[in-house]
Amino acid sequence: MTAAPEPVFEAPWHAQAFALAVHLNERGHFGWPEWTEAFGAELARRGATRAQDGGDDYFLAWVAALETLCRDKGLAEAEALSRLKAAWEAAYLATPHGHPVRLAGQGG
Amino acid sequence: MPHDDHDHPHSLLPPDPALRVKALESLLEAKGLIDPGALDAIIDTYAHKVGPRNGAQVVARAWNDPEFRARLMEDATAACAELGFAGRQGEHLVAVENTAETHNMVVCTLCSCYPWPLLGIPPGWYKSDAYRARAVREPRQVLAEFGVHLPEDTRVHVWDSTAEIRYLVIPERPGGTEGWDADRLAALVTRDSMIGTGLARVPA
């Protein structure tokens with residue numbers, strides 16, 4: 001167990017999603033109990049149909065709960081999110097391999 | 001990546017949830033609600049700086065220093081802060097001590113609350129439905145699967161973490177370690193022993 005430590009985050013998006021929730025809490029956008037309640041509800045909803053294994057599915061629930069909480073708090077509207085997601089997808093498809101992927105109209 | 005073995009004229013499209021996270025991040029950033037530098041710092045902290053070694057230092061100190069142990073049992077939040085380990089979510093830390101009579105183990109039945117400052121990010125099994133449900137229902141079977149077989153008359157106490165309270169198990173100090181300093185002792189303290197799904201290592 002200690003000889004070969006497991007990676008803390010298995011995928012970069014796990015780490016990004018984790019950090020977003022922690023940062024939004026630290027900035028006072030929601031309380032941590034509020035977060036655990038939203039996240040717990042999402043895990044319970046998913047667990048009712050399929051046992052969650054604590055890996056990718058755990059962070060899928062994390063992302064869904066974060067989207068819901070941000071929407072409910074008026075921080076991120078669902079429509080804006082789906083527009084930006086499509087924009088990111090287009091940016092990846094339009095960027096030559098090996099180049100940094102940026103959204104059109106944004107510097108960074 | 002295993003699926004990245006054919007030619008990609010464009011950048012590899014990340015998985016769907018990664019795009020959702022990017023969308024959320026870019027929206028919040030455009031609104032000035034987040035600082036991307038702070039996100040990187042949080043990831044760096046939890047990926048590289050915070051881990052079970054912190055908790056092991058606390059346990060080793062408690063084994064070696066009766067006054068620290070007393071402060072830890074009285075108010076773990078304050079005692080851990082003495083060593084520089086403090087929670088970021090305003091949670092309260094509670095230390096629970098294993099004895100010959102009582103074995104403690106920790107779960108979060110709601111989600112995955114965990115003493116991050118002391119143990120880092122929880123392992124996958126701690127976050128699984130199987131552990132979260134079974135730790136409460138059949139703790140002895142779960143312990144057996146972790147290779148922990150307790151005497152029949154040892155009581156098992158399962159602690160359910162919350163957003164406000166996180167538990168640290170203080171495992172029993174192994175025999176044959178009399179006179180050891182804290183660093184040497186800390187090497188015996190495993191992550192699982194501080195969750196209660198393991199015991200401290202026995203010196204070879």
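Tutor: Keep in mind that this is a predicted model. Start with the record. An unreviewed UniProt entry carries the annotation "binding site" for Cys108(B), Cys111(B), Ser112(B) and Cys113(B).

Take Cys108(B). Cys108(B) sits in the loop that runs between strand E2 (102-107) and helix H6 (116-119) of chain B. Is Cys108(B) buried or exposed? It has 23 other C-beta atoms within 10 Å, so Cys108(B) counts as buried; the cut-off is 20 or more. Leaving out residues up to four places away in sequence, Cys108(B) touches Cys113(B), Tyr114(B), Arg132(B), Asp160(B) and Ser161(B). Of these, Cys113(B) also carries the annotation.

Now Cys111(B). The loop between E2 and H6 of chain B holds this residue too. Cys111(B) is buried because 25 other C-beta atoms lie within 10 Å. Its contacts, again without residues up to four places away in sequence, are Thr36(A), Phe39(A), Gly40(A) and Leu43(A).

Next, the wider setting. The largest nonpolar core has 80 residues. Among those with the most contacts inside it are Trp62(A), Leu66(A) and Leu24(B). Helix H3 (residues 56-72) of chain A gives the largest share, 10 residues. Chain B contributes as well: at least three residues come from each of domain 1 (16-47) and domain 2 (53-195). The C-alpha centres of these two domains of chain B are 31 Å apart.

Finish on Leu66(A). Setting aside neighbours within four places in sequence, Leu66(A) contacts Ala17(A), Leu20(A), Ala21(A) and Leu24(B).

Methods: Residues numbered from 1 in each chain as written. Chains lettered and ligands numbered in written order. Predicted model: local features only at pLDDT ≥ 70, side-chain atom pairs only at ≥ 80, totals over all residues. Core = buried A, V, L, I, M, F, W, Y, C linked by C-beta atoms within 7 Å. Buried ≥ 20, exposed ≤ 12 C-beta atoms within 10 Å, placed from the backbone. Helix = DSSP H or I, 4+ residues; strand = E, 2+ residues; numbered from the N terminus. Domains from an automatic or database assignment. Contact = placed C-beta atoms within 7 Å. UniProt positions renumbered as here; feature names shortened; annotations may be inferred.
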